[in-house]
Amino acid sequence: MHLSRFRLNCISPNDVRRILFSFLHCALWLPPSPLAAETLTLPEAVAQALARHPSIEAAKAQTGVAVARTAQARSGYLPKVNYAESFQSSNNPVFAFSTLLTQRRFSAANFAIDALNHPGFVNNFQSSVSVDQVLYDFGGVRAGVNSAQLGEKLSAEQERFARLQLIAKVARTYHTVTLAEQFVKAAQQAVQSAAADLARAEAVRAAGLSTDADVLSIRVHLAAMREQQIQRQSGVEIARAALNEALGQPLDTVVALATPLTAAAAAPAVSSAGERPELRQAALARELAESQATGARSALYPQLTGRAAWEANRGRFVNQGGANWYFGVGVRWNLFNGFADRARLEESAQTVAKSKANERETLAGVNLELRQAQASLTAARQRIEVATATVAQAEESLRITKNRYEAGLTTVTDLLRTETALLDATTRRIAATYDHRLAAISLELAAGTLSGDSNVLQ
């Protein structure tokens with residue numbers, strides 16, 4: 001009591017003011033409390049990624065490119081209209097003679113020999129509008145339009161493929177975070193259990209039932225568990241960064257995950273992979289190759305074209321002129337161009353053969369992926385059942401071993417072995433649950449039916 005009174009008496013008023021000032025300074029400059037992290041379920045995370053991930057934006061833009069190419073191909077059905085304006089001036093006798101005729105200004109005086117041989121310079125302002133139209137080309141334009149439309153469908157399937165891949169990527173990274181968090185919890189429990197074992201070993205040593213070697217062994221085990229906890233925590237940070245990348249947001253964004261890591265409620269009912277974008281792309285690629293072969297074949301036949309033109313020729317820009325028109329139909333046929341058309345036909349035939357082979361290969365690969373996903377799902381379900389039973393057995397074994405160790409009936413080696421066995425069993429059960437959830441997602445991905453509303457994401 002006297003010492004406390006002495007200490008209070010030693011504090012001067014200046015000291016009191018300095019303490020209050022420091023307290024107020026810290027209170028004023030205290031950083032604001034962090035905002036609550038955004039909570040995301042897995043379906044919400046998928047919807048967010050589909051709305052703003054760059055890969056989806058790129059796929060949509062590519063579809064827009066294909067639509068524009070279809071519009072370009074359809075322009076072959078329409079006439080080409082051109083307008084031209086030009087000015088010429090010359091004293092060339094032929095030019096002067098023909099220009100005066102086209103301007104409708106030729107007169108009898110222009111037949112004079114001297115005027116024909118030595119005309120003065122003649123100006124000509126010419127305005128012309130021309131229309132060119134392919135009337136028939138043995139299906140060349142039609143094949144081009146068909147090829148462009150198939151390219152548009154290919155781009156749409158590529159966009160759907162990008163969406164499927166992104167959904168699967170978000171689901172994997174989402175559950176990788178929940179997996180890492182479950183591993184951290186298991187490591188924390190192992191640390192707590194090891195700390196309790198250390199206290200138990202020290203008590204047993206105090207009772208004279210064990211030696212310092214037992215205590216040191218458990219301390220080493222505790223250090224190993226703490227090291228594993230640190231590693232697991234680092235895994236959480238990496239997994240969260242990967243999830244943020246999949247969501248299309250900054251890597252340091254903090255989100256709280258609301259969908260727990262549990263086994264898929266039910267296996268998806270999948271019988272075939274007919275909805276896979278890759279299968280549709282392979283079929284469309286074959287149709288595109290066939291359409292391009294048709295277009296290449298049309299180059300061997302003539303084209304029937306039509307042309308109409310109107311022009312005005314004037315000595316001055318606004319007067320002294322005349323107008324005329326022209327219409328004609330013609331046939332254009334490339335009889336020989338160094339065998340380039342024949343080579344193009346051969347190229348198209350080989351492309352068709354290649355696309356057919358690729359289609360068969362894609363079908364086989366997709367069916368294999370589907371079978372692998374079904375096998376992985378079944379194996380993961382069985383692993384969960386085995387791991388769950390193993391965890392229960394490991395927990396009971398650890399309880400018995402702890403009691404026996406306290407009674408001095410077993411060694412510290414048995415205690416540490418059962419501790420490690422429980423951690424391993426718990427880790428295997430968590431991993432099996434993770435694999436089962438991802439296998440269910442992979443099964444729908446292999447079938448091409450995965451979407452933001454799929455039950456496997458709930």
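Predicted model: local features only at pLDDT ≥ 70, side-chain atom pairs only at ≥ 80, totals over all residues.
**Helix α8**

The buried residues of α8 include Asp-214, Val-215, Ile-218, His-221, Leu-222 and Met-225. Val-236, Ala-239, Leu-243, Asn-244, Ala-246 and Leu-247 of α8 are buried as well. Packing partners of these buried residues are the strands β1 (38-40) and β4 (255-257), together with the helices α3 (42-52), α7 (140-206), α10 (340-406) and α11 (412-447). Directly after α8 comes Gly-248, whose phi is positive, at about 75°.

**Nonpolar cores**

The largest nonpolar core contains 41 residues, and Val-170, Leu-450 and Leu-457 have the most contacts inside it. Two or more residues of this core are supplied by each of α3, α4 (54-74), α7, α8, β4, α10 and α11. Helix α7 gives the largest share, 9 residues. Leaving aside residues up to four places away in sequence, Leu-450 touches Leu-164, Ile-167, Ala-168, Ile-441, Glu-444, Leu-445 and Val-456. Another core, of 27 residues, lies apart from the largest one; among its members are Phe-183, Leu-222, Leu-398 and Tyr-434.

**The pair α10 and α11**

Two packed helices are described by the angle between their axes and by the distance between those axes. For α10 and α11, the angle is about 160° and the axes are 7 Å apart. An angle over 145 degrees counts as roughly antiparallel; α10 and α11 are therefore roughly antiparallel to each other. The crossing of α10 past α11 is left-handed.

Most residues other than glycine have a negative phi.

| Residue | Phi | Relative accessible area |
|---|---|---|
| Arg-104 | near 65° | 58% |
| Phe-138 | about 55° | 37% |

Arg-104 is situated in the loop between α5 (93-102) and α6 (113-117). Since exposed denotes a relative accessible area over 50%, Arg-104, at 58%, is exposed. Phe-138 occupies the loop between β3 (122-136) and α7. With a relative accessible area of 37%, Phe-138 is partly exposed.

Technical notes:
Residues numbered from 1 in each chain as written. Heavy atoms only, no water. Buried < 20%, exposed > 50% of the residue type's maximum accessible area, 1.4 Å probe, protein only. Helix = DSSP H or I, 4+ residues; strand = E, 2+ residues; numbered from the N terminus. Contact = heavy atoms within 4.5 Å. Core = buried A, V, L, I, M, F, W, Y, C linked by side-chain atoms within 4.5 Å. Axes fitted to C-alpha atoms, helices over the stretch in contact; angles between N-to-C directions. Parallel < 35°, antiparallel > 145°, perpendicular 65-115°, else oblique. Left-handed = near helix turned anticlockwise from the far one by under 90°.
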